[in-house]
Amino acid sequence: MTVIDEKKSYKCLVTGASRGIGKAIASRHHRAGLEVLGTATGDEARYDEPYALLSFDFSSIDEIQRAAVAVGSMKFDVLVNNAGINIAGEFATYDFADLQKMINVNLYSTFLLSQAALPHMESQGYGRILNLCSIWGVV
């Protein structure tokens with residue numbers, strides 16, 4: 001079992017941190033003393049929070065890859081994959097582009113950011129990755 005070093009300042013990234021559950025998680029971790037960065041899409045990154053919000057559009061695979069490079073270089077100790085979207089529609093007429101956006105945000109961002117965070121976590125012998133999904137994940 002890995003023991004947490006009480007003297008270390010842990011770095012945490014929370015995706016989808018501008019509102020809802022992500023905002024609550026980021027705020028709670030910040031109050032607990034972690035160095036928190038969050039991600040948000042576009043204008044959401046301008047909210048006044050006690051932690052910095054980085055702007056990434058996870059519906060774009062290029063943006064996910066850009067975020068993954070940043071995650072790898074910033075060396076986070078905790079990663080909370082919270083970003084998610086749902087674009088409802090009729091199956092028979094559902095737009096493939098909307099499906100691709102959901103897969104990018106809900107699956108590929110989680111996969112690629114986790115891969116990027118893992119080397120630092122493994123090298124230091126400590127790290128936590130938390131993956132969240134909404135009820136839409138089981139519909």
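**View 1. Helix H2 spans residues 61-74 in this predicted model.** The helix has 14 residues. From first C-alpha to last, H2 reaches 20 Å, close to the 20 Å expected at 1.5 Å a residue. Just after H2 comes Lys75, with a positive phi of about 55°.

**View 2. H2 has buried residues and, on its other side, exposed ones.** Ile64, Ala67, Ala68, Ala70 and Val71 are buried. Viewed down the H2 axis, these buried residues fall within an arc of 165°, so they line one face of the helix.

**View 3. The buried residues of H2 pack against a strand and a helix.** The strand is S1, residues 11-14. The helix is H3, residues 96-124.

**View 4. The model holds 1 cavity of 30 Å³ or more.** The largest cavity contains about 40 Å³ of space. Its lining is made up of Leu13, Thr39, Leu54, Phe56, Phe58, Ala67, Ala70, Val71 and Leu113. By type, the lining residues divide into 8 nonpolar, 1 polar and no charged.

**View 5. H2 supplies the largest share of the lining of the largest cavity.** That share is 3 residues. Ala67, Ala70 and Val71 are among the lining residues, and these three are also buried in H2. Leu13 and Leu113 line the cavity too. Strand S1 (11-14) and helix H3 (96-124) are the elements that the buried residues of H2 pack against.

How values were computed: Residues numbered from 1 in each chain as written. Predicted model: local features only at pLDDT ≥ 70, side-chain atom pairs only at ≥ 80, totals over all residues. Heavy atoms only, no water. Helix = DSSP H or I, 4+ residues; strand = E, 2+ residues; numbered from the N terminus. Expected span 1.5 Å × (residues − 1). Buried < 20%, exposed > 50% of the residue type's maximum accessible area, 1.4 Å probe, protein only. Arc of directions from axis to C-beta. Contact = heavy atoms within 4.5 Å. 1 Å grid on protein atoms, 1.4 Å probe; cavity = no way out; pocket = protein on both sides within 12 Å on 5 of 7 lines; lining within 4 Å. Points joined across faces, edges and corners; volume = space filled by probe spheres on them. Nonpolar A, V, L, I, M, F, W, Y, C, P; charged D, E, K, R; others polar.
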